[in-house]
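Welcome! Let's explore a protein model together, one question at a time. Keep the picture in view as you read.

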Amino acid sequence: MEIPTGLRDANLLKYEMRLNGKLSRQLKVPEVIASTLSEMDFYRLLVKRYQDGYFAITKLKQVKTNVMSKIRTVSDARDVFFARLINQGGETQIADFLEELKLEKVFNDRKSYTRLKDRLLEVAAKASVTTSDELTKELDDAIKNVGAYV
């Protein structure tokens, strides 16, 4: 597809959803025929599926810290670095890691898991604010608005 004249040097992002195969099975509807495509309920179903697919994508976050002036030792710097990594990975990263350790029965004493969790949460708190990229927020809003009036 040719890019329109006014958009040639712009930063563009295309997000599309492809449904291949038996549509009725994928969308859990009795059948999909040409007239189905113009039904409002079917259109709403597709928009909802489009939004769900978009929001299922893990987006990278920018980690902004305001603790650089408080770093005095190598240990402080290490903790801030680990905090950034933990915060970048998402909220469930610590819980997932602990669950993996438990499945492997790494520690004999169950208190060790609690101690580790407390220490990891303490380290994670050293890098304060985690924020999403402003452009990602803008795109999130646009995807939400796609279905606002449907």
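Q: This is a predicted model. At 48% relative accessibility, does Lys48 count as buried, partly exposed or exposed?
A: Buried would need a value under 20%, and exposed a value over 50%. Lys48 has a relative accessibility of 48%. That value lies in between, so Lys48 counts as partly exposed.

Q: In which helix do Lys48 and Asp52 both lie?
A: Asp52 has a relative accessibility of 41%, so this residue counts as partly exposed. Lys48 and Asp52 are four residues apart, about one turn of the helix. The helix that holds both, residues 40-55, is α2.

Q: Is Gln51 buried or exposed?
A: Gln51 also has its place in helix α2. Leaving aside neighbours within four places in sequence, Gln51 is in contact with Ile143, Lys144, Val146 and Gly147. The relative accessibility of Gln51 is 14%, and the limit for buried is under 20%. Gln51 therefore counts as buried.

Q: At what angle do the axes of helix α3 and helix α5 cross?
A: Helix α3 covers residues 74-89 and helix α5 covers residues 111-124. Their axes come within 7 Å. Angles of 65 to 115 degrees count as roughly perpendicular, and that is how α3 lies to α5. The crossing angle is roughly 95°.

Q: How many nonpolar residues does the contact of α3 with α5 have?
A: On the α3 side we find Arg78, Asp79, Phe82, Ala83, Ile86 and Asn87. They meet Arg119, Leu120, Val123 and Ala124 in α5. Sorted by class, the contact has one polar residue, three charged residues and, for the nonpolar class, six.

Q: Which residues are linked with Arg78 in a network of salt bridges?
A: Arg119 also meets Glu122 in a salt bridge, at 3.1 Å from N to O. Glu122 and Arg119 are three residues apart in helix α5, so about one helical turn separates them. Glu122 counts as partly exposed, at 44% relative accessibility. The residues linked with Arg78 in the network are Asp79, Arg119 and Glu122.

Q: Which elements give two or more residues to the largest nonpolar core?
A: The largest nonpolar core has seven residues in all: Ile86, Ile94, Leu98, Leu101, Tyr113, Val123 and Ala124. One of them, Ile94, is in contact with Ile86, Lys117, Leu120, Leu121 and Ala124, leaving aside its neighbours within four places in sequence. The elements that give two or more residues to this core are α4 (93-103) and α5.

Q: What is the phi of Lys28?
A: Most residues other than glycine have a negative phi. Lys28 is not a glycine, yet its phi is positive. Lys28 sits in the loop between α1 (23-27) and α2, and at 75% relative accessibility this residue counts as exposed. Its phi is about 55°.

Q: Where is Lys105, which has a positive phi of about 50°, found?
A: Lys105 is not a glycine, although its phi is positive. With a relative accessible area of 65%, Lys105 is exposed. Lys105 is found in the loop between α4 and α5.

Q: How far apart in space are Ala77 and Lys126, C-alpha to C-alpha?
A: Ala77 has its place in helix α3 and counts as partly exposed, at 33% relative accessibility. In sequence, Ala77 and Lys126 are 49 residues apart. In space, C-alpha to C-alpha, they are apart by 9.8 Å.

Key: Residues numbered from 1 in each chain as written. Predicted model: local features only at pLDDT ≥ 70, side-chain atom pairs only at ≥ 80, totals over all residues. Heavy atoms only, no water. Axes fitted to C-alpha atoms, helices over the stretch in contact; angles between N-to-C directions. Parallel < 35°, antiparallel > 145°, perpendicular 65-115°, else oblique. Contact = heavy atoms within 4.5 Å. Nonpolar A, V, L, I, M, F, W, Y, C, P; charged D, E, K, R; others polar. Buried < 20%, exposed > 50% of the residue type's maximum accessible area, 1.4 Å probe, protein only. Salt bridge = Lys/Arg side-chain N within 4 Å of Asp/Glu carboxyl O. Core = buried A, V, L, I, M, F, W, Y, C linked by side-chain atoms within 4.5 Å.
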